[in-house]
Amino acid sequence: MTGGMTVNGKKTGQVLAALNFMILMAALGASDSLRGIFAPAFQEHFSLNASSLSLIIVVSYIGNLIFLCFGGQILDAYPKKKVTLSVIALWMGALILYLTTDHFILLLVGMFFSMGASTLLNTTVNILTPALFVTAPGMMVNIFFFVQGIGTSGSQNLAGRAAGSYQAFRMVNLILLVMGIISFLLLLKVEVPDDREKTGSKTKKNGREKKDGKAKTSGGENKVPWTDIMKADGFWMLVLIFGLYFVAEHGILNWLVSYGTESLGLTSAKAAFYLSLFFGGMTVGRLVFAPAVSRFGAFKSILFFGGAGTLLFTAGILSGTGGLWMLSLSGLAMSILYPTLVFMINYIFPANMLGGALGMVISVATLFDIGFNFLFGRLIDRIGFSVSFLIIPACMVGFYISYLVFYRRYKALQKSNVRGEHE
């Protein structure tokens, strides 16, 4: 009977965790899309020029960089449940700032904290999923990101109809705040394994026998220095893979509509339609292809879907107006790439540095986004939109080539990990 109660209790905990992650990811997906949806409202309400408007994007990416850089270290040093609850509270604090203030500087402060906390929470969900859903973590990760896609596309469709109203921006954030409160309360009831105890106890034992100077434990903490993470095998290759992928996906998100109207002669509605198809495909693909990731494992899934996505993505852009359907279709193939890449890191770095390594990889890769958005506008002024836009498919091709190199280098590791993914 005790065993049955334990099983039932575990199942109940998994249900609560899944419900919590779905509500949280839907809210985060909507939160992340508001920056673009309400750009016209920000511009009108605060009387912004184009440079000031672009500052919102840059500040949000800087928030991503800072939160991931420090947040990963914190995840490794302290109980993950407490850290997650704290970051949810910080994200909700940024939403409250939107609701209670009416100054552009405070809007930027809110963007810094809401986007940074949102990105760290996305990463935390990836880290916690294998510990909470051991039978099919790859599938669950993609299901959670599918729900996030629903939040993104749903907010684009519904909130986009009132995108010119700053009051609508506040109303949407009020709804997200309620969702955040529900997620916070649900997480309080979920038991999250603390792998620091296992790695910490091993470190202490080994610390008496081995004086390698690498593993340091103090007061139960297991914080790995950034220098050790950056020296870890594969770190810089992963930064390159993530960075090039970020430029490709986010380049479409931020620039496809402008490219369609200025270079291809499309109406804004038509260009936005292709953009919505692209991200709609990403949303559907994360649900449809989640079992495939579970079946074939992270490494092989990225190899196959990355190749198909790169081919369609590049051909769609190079073919001009007539090929935009291929670009939109590439969203299906690319859908599993980011969540599966993040999930794959679980099998590259040891547990005692996993949070820090994941945060460092994504935060350093975010510099690609910051640099690209800072330079892209100037490049358009110099050589035109049509030629400048080719950087985006070039980055997608670079992403896949980099992954092929990485895959070959870690082929032996990949074979052992696919069998160990509990899928």
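**Stop one: a serine inside**

Select S118, which counts as buried at 0% relative accessibility (buried means under 20% relative accessible area, exposed over 50%, partly exposed in between, with a 1.4 Å probe and protein chains only). This is a predicted model, in which local features need pLDDT of at least 70 and side-chain atom pairs count only at pLDDT 80 or more, while totals for chains, interfaces and linings use all residues. Residues are numbered from 1 along each chain as its sequence is written, and side-chain values use heavy atoms, with hydrogens and water left out.

S118 sits in helix α5, residues 104-132 (helices are DSSP runs of H or I, at least four residues, and strands are runs of E, at least two, numbered from the N terminus). Now show what surrounds S118: leaving aside residues up to four places away in sequence, S118 touches L28, D32 and W91 (a contact means heavy atoms within 4.5 Å).

**Stop two: the core**

Next, pick L107, F242, I252, F313, F349, F389 and F406, which touch the most other members of the 126-residue largest nonpolar core (a set of buried Ala, Val, Leu, Ile, Met, Phe, Trp, Tyr and Cys residues joined through side-chain atoms within 4.5 Å). Colour helix α10, residues 235-262, which supplies the largest share of this core with 15 residues. Then centre on F313: beyond four places in sequence, its contacts include A248, I252, F278 and M396.

Select I62, I66, F70, I74, Y78 and W226, which make a nonpolar surface patch of about 510 Å². Helix α3, residues 50-77, gives the most to this patch, with 4 residues. W226 belongs to helix α9, residues 226-231, and is partly exposed at a relative accessible area of 32%.

**Stop four: zoom out**

Show the whole chain as a cartoon: 19 helices and 0 strands. Of its 423 residues, 54% count as buried.

Finally, colour by pLDDT (the predictor's confidence in each residue, from 0 to 100). The chain mean is 80, and 83% of residues reach 70 or more. Where pLDDT is low, the predicted coordinates should not be read in detail.

How values were computed. Patch = residues over 30% accessible without salt bridge, like charges linked within 9 Å, V, L, I, M, F, W, Y side chains within 5 Å. Areas by Shrake-Rupley, 256 points an atom, 1.4 Å probe, with all protein chains shown as cover. Salt bridge = Lys/Arg side-chain N within 4 Å of Asp/Glu carboxyl O.
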